[in-house]
Amino acid sequence: MIHSRYRRLLSLDLYGELTPGQERSLHRHLESCPECRTEQKKLKALHALLDTERSREPGEELLAEMRQELSFSLRGTRAETPTWDSLRSVLSAAFAPRLSYAFGLIAAFTLGGFLGYQLFAPERLEVSSVASWEPERLVRESLAGNLRIAGLRFVETAGSPPQAIFTLESVIPTRLKGAVEDPDIQKLLAYALANERNPGVRLRAVNAIAPHASMAADREVKAALILVLKNDDNAGVRSSALEALTHYPYDQEIRDALLLTLLYDENPGVRISAINSLDTLSRHGMTSDQAVLDVFRRTLQNDTNDYIRMKAQSVIQEARQQ
Amino acid sequence: MCSKDATSEKNLILQAKNGDVVAFTQLVYRHDKQVLSIAARFAGNAEDAKDIYQEVFLKVFRGIRNFRFQSALATWIHRITVNACLSHAQRQRKISLASPEPGEGERKPAFEFPDEDARTDGHLLNQELSDRIALALQTLPPRQRLVFTMRYHHEQQLKEIARAMQCSEGTVKRYLFNATRRMREQLEDLL
């Protein structure tokens with residue numbers, strides 16, 4: 001009987017679940033009981049054995065799979081709304097009888113304003129999701145990196161501007177749709193451009209930005225294009241970013257990005273696009289300063305591509321003649 | 001959880017109650033690793049762990065609007081997890097009573113946790129050991145298995161477990177003691 005009591009304490013002791021009194025009593029007993037000391041050793045050995053396995057956790061891949069399946073299961077599932085009783089109790093607790101008239105009036109105005117807005121305000125962005133929420137918040141969360149862009153496609157219908165449809169990775173399937181020229185959509189496209197892992201998504205994003213680049217002339221979009229031109233792994237994406245940048249008003253940032261591309265891009269096609277753009281700009285008298293000519297000289301000496309060297313030589317000669 | 005985290009979790013819950021998908025996603029991502037871990041150890045195979053995980057978060061999604069902050073969100077999710085695990089075990093028992101000898105290959109035999117020692121000499125030994133421990137865990141009755149998993153693997157306090165299981169702390173202690181004793185018996189030859 002005594003042993004069975006102490007064995008229970010021994011077991012709980014290893015989990016740190018004894019009161020100080022129980023701990024003292026157990027330790028006193030252990031000093032005089034070799035049988036319980038052996039039992040303690042066995043239990044410690046059991047914990048040591050289990051410890052080898054304790055830290056192992058299901059892998060990230062399985063977790064990602066579970067999240068994706070959960071997302072699929074949530075299609076068509078709706079959250080329960082609070083029961084009328086609980087709603088009524090919340091309302092009656094919040095509003096005393098005399099205040100309820102004022103509350104009603106405010107609610108009527110708010111509802112009127114809301115309906116008016118819903119009926120007459122043009123919808124810039126559309127959201128499809130089982131949950132209701134504001135599109136602007138979704139844009140903000142995506143730009144902050146809290147929601148990943150899982151897919152991007154474009155829809156063109158006659159008589160209306162092309163629309164971008166973003167599929168966003170969340171546990172509730174969500175799509176955001178808006179005109180490609182919309183500033184928020186442009187920002188999302190720029191974000192996708194700079195952060196997306198899928199080169200197909202990046203390429204579609206840069207091609208969507210390009211025709212509207214000069215119109216939007218947004219700093220963030222331009223910065224994303226420059227970042228992509230300098231760093232993207234995919235030559236097609238870099239080339240499209242370069243093309244989009246030529247629609248922007250020429251400035252030193254764009255000039256530096258083009259010069260770096262000419263000097264360091266490993267793809268001759270992208271370097272050719274860079275030197276052609278610089279040549280066009282130089283014909284308009286915009287890139288004939290000393291720094292640009294130095295880059296052309298280095299290109300003439302070092303580039304492995306015949307066309308690029310020939311082009312560099314022609315620009316240098318024209319500059320000498322001027 | 002520190003008070004700043006608690007405030008941010010409260011805000012997320014309030015937003016999720018209003019149907020905010022981003023907030024709900026963030027809440028799931030905060031808690032789902034632990035739910036999956038408990039489900040995986042409890043069920044012992046990936047397929048059943050998936051079912052439990054799904055059941056838990058579908059219930060969380062359906063019920064979040066009625067969440068009244070009477071307990072921490074983690075406690076509420078743990079309670080749902082406990083119920084999902086126990087009803088899963090009950091369903092399994094009914095199935096095994098209906099067909100006592102399931103065909104081979106009907107279920108994935110063991111849940112494999114990723115092993116950093118994979119492809120090394122120690123890997124096979126570790127895997128063998130891991131299988132033995134998982135097998136021993138599966139011999140425990142459901143409530144003992146759940147308490148053992150939550151206390152031993154997830155280091156949850158007994159009072160937290162008692163809250164999640166809606167029973168007394170003394171009952172949880174009894175489950176834990178019996179579970180430890182059975183585990184010891186099952187793994188005797190390795191000690």
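## Where chains A and B meet

The side chains of Arg184(B) and Glu39(A) come together in a salt bridge, with 2.3 Å from N to O. Please keep in mind that this is a predicted model. Seven salt bridges are counted between chain A and chain B, along with eleven residue pairs in polar contact, both residues at pLDDT 80 or more. On the side of chain A that touches chain B, helix H1 (2–14), helix H3 (34–54), helix H4 (60–74) and helix H7 (135–143) each supply at least two residues. H3(A) gives the largest share of that side, twelve residues.

Now for the interface as a whole. Here 53 residues of chain A are in contact with 58 residues of chain B. About 5,500 Å² is buried between chain A and chain B, and carbon and sulfur atoms give 61% of this area.

Next come the aromatic rings. Over all chains, the structure holds six aromatic pairs. Phe67(B) and Phe69(B) have ring centres 5.2 Å apart and planes at 65°, so this pair is edge-to-face, since an angle over 60 degrees counts as such. Phe67(B) is buried, at a relative accessible area of 6%, whereas Phe69(B) is partly exposed, at 32%. Elsewhere, ring pairs join Tyr15(A), Phe148(B) and Tyr152(B) into a cluster.

Arginines also lie over ring faces, as listed here:

| Arginine | Ring | Distance from the ring centre |
|---|---|---|
| Arg5(A) | Tyr6(A) | 5.0 Å |
| Arg145(B) | Phe42(B) | 4.4 Å |

Conventions: Residues are numbered from 1 along each chain as its sequence is written. Chains are lettered from A and ligands numbered from 1 in the order in which they are written. This is a predicted model: local features need pLDDT of at least 70, side-chain atom pairs count only at pLDDT 80 or more; totals for chains, interfaces and linings use all residues. Side-chain values use heavy atoms; hydrogens and water are left out. Rings of Phe, Tyr and Trp (its six-membered ring) pair if their centres lie within 6.5 Å; planes under 30 degrees apart count as stacked, over 60 as edge-to-face and the rest as tilted. Buried means under 20% relative accessible area, exposed over 50%, partly exposed in between (1.4 Å probe, protein chains only). A charge sits over a ring if NZ of Lys or CZ of Arg is within 6 Å of the ring centre and within 35 degrees of the ring normal. Contact means heavy atoms within 4.5 Å. Buried area is the accessible area (1.4 Å probe) that two parts lose on being put together, summed over both. A salt bridge is a side-chain nitrogen of Lys or Arg within 4 Å of a carboxyl oxygen of Asp or Glu. A polar contact is a pair of N or O atoms within 3.5 Å; within protein, one must be able to donate a hydrogen and the other to accept it, and residues adjacent in sequence count only if both atoms are side-chain atoms. Helices (H or I, at least four residues) and strands (E, at least two) are DSSP runs, numbered from the N terminus.
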